[in-house]
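Okay, thanks for coming, everyone.

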Amino acid sequence: MPIDFLIIGQGLAGSLLAWELSQRGASILIVDNGAENASQIAAGLVNPITGMRWVKSSDVDSLLPAAKRCYQQLAAVFGQDFYLEKPMLRVMRSDVEFRQAQKRRQDVAYQAYLDEPYLPGTNPYEFPTPYGSVLQQQTGYLLTRVLLTCLKDFFIARNSYRLADFHPEAIALNPLRWQDVTPKRIIFCEGYQAIHNPWFSWLPFQAAKGEILTLSHQQALPDVLLNYGNWLIPLARQQSRIGATFSHEPLDTVPTATARTQLLSGLAAFSPDLAQAEVTAHHANVRPCTLDKQPFLGFHPTHPQLAIFNGFGAKGSLQIPWYSQRFADTLLHNSPPPATIQRHYATHFPT
């Protein structure tokens, strides 16, 4: 079966790249093993300003409009919303953090993303804020599991999805073939499993396990996202998700009592009432983070018919739409890819 692109993995990266290529007329086949992936359990948070230093995400002024357009297009096609934009109340944890927020608010480059900070002890949502708080704008979250299910059904209906285990050693290179499929290129979108892929395991991944809880509680919540060191997403008036932990070992998908205690303890320090909530679900998976915090796009240095589109870590919902468009330009029109893995060639493939 001749096709243009064989895409390995149906997480958010593989799904949105496949969508972008198919919308441009390319023939694709997604191969996925059906196991739960990090995208399916991810909170899907989009937050332009992060960290204790209140720094804008790199290229957010390009990434965010592209993400919104992509999710709006998908909403129109499938008749349901996937991206829910809500402001985020960020609760300060020190006087230093409050002063940093005030400083950022004075910067014109940040004013579209930050309201004027609330003074300590004051905010319209009745949460304790002894060091102050600020309402961040242009934040939201993606319903990743719902979106991935819709895209999977879309590709199945077009005979562009195959449920199968994929083993890289089963590839024939000359000519390029896997089972009955003869693609022009194979694109690996495997998430953290790329650390086991012999073609790309040399890339400096820094995979990180994360755990998330779903809560049911009596206390009604305002219709805003919360960031109090961890994040809290109200799903309904009396249901929410909190997360996420961050650890580099072990890299497995087993929920742990340690992470549950850590998340509930953090919530108790912020809101003792919410900490009494019933835990109705506990999920764990592994983010495909990278050592240099940049995604991995590009072609194998000695086998350019093999490509990778991976390494978006915790910012996939924000980054993947824009990068999938740029990488589609590369695959279809040979334009230079952004965040190219060529930056790592010299270390592992010296000339």
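**Salt bridges first, then a strand**

Let's start with aspartate 329 and arginine 326, whose side chains meet in a salt bridge, 3.3 Å from N to O. Keep in mind as we go that this is a predicted model. Why do these two sit about one helical turn apart? Because they are 3 residues apart in helix H7, which covers residues 316-333.

Now, how covered are they? Aspartate 329 has a relative accessible area of 18%, so it counts as buried, the cut-off being under 20%. Arginine 326 comes in at 25% relative accessibility, and therefore goes down as partly exposed.

Let me pick out two others.

One is lysine 68 with glutamate 85, again side chain to side chain, at 3.3 Å N to O. This one links distant parts of the chain: lysine 68 belongs to helix H3, residues 60-78, while glutamate 85 is in strand S6, residues 83-85, and the two are 17 residues apart. On accessibility, lysine 68 is buried, with a relative accessible area of 19%. Glutamate 85 is partly exposed, at 44%.

The other is glutamate 97 with arginine 90, where the side chains meet at 3.0 Å, N to O. Are these two buried or exposed? Glutamate 97 is buried, and arginine 90 is buried as well.

Okay, leaving the charges, on to the strand. I mean S15, residues 239-243. It's mostly covered, with 4 of its 5 residues buried.

Which strands pair with it? One is S12, residues 208-216, which runs antiparallel to S15 over 5 bridges. In that pairing, isoleucine 212 stands opposite glycine 243 of S15. Another is S14, residues 231-236, also antiparallel to S15, and over 5 bridges. There, alanine 236 faces glutamine 239 in S15.

Conventions. Residues are numbered from 1 along each chain as its sequence is written. This is a predicted model: local features need pLDDT of at least 70, side-chain atom pairs count only at pLDDT 80 or more; totals for chains, interfaces and linings use all residues. Side-chain values use heavy atoms; hydrogens and water are left out. Buried means under 20% relative accessible area, exposed over 50%, partly exposed in between (1.4 Å probe, protein chains only). Two strands pair if DSSP finds at least two bridges between them. A salt bridge is a side-chain nitrogen of Lys or Arg within 4 Å of a carboxyl oxygen of Asp or Glu.
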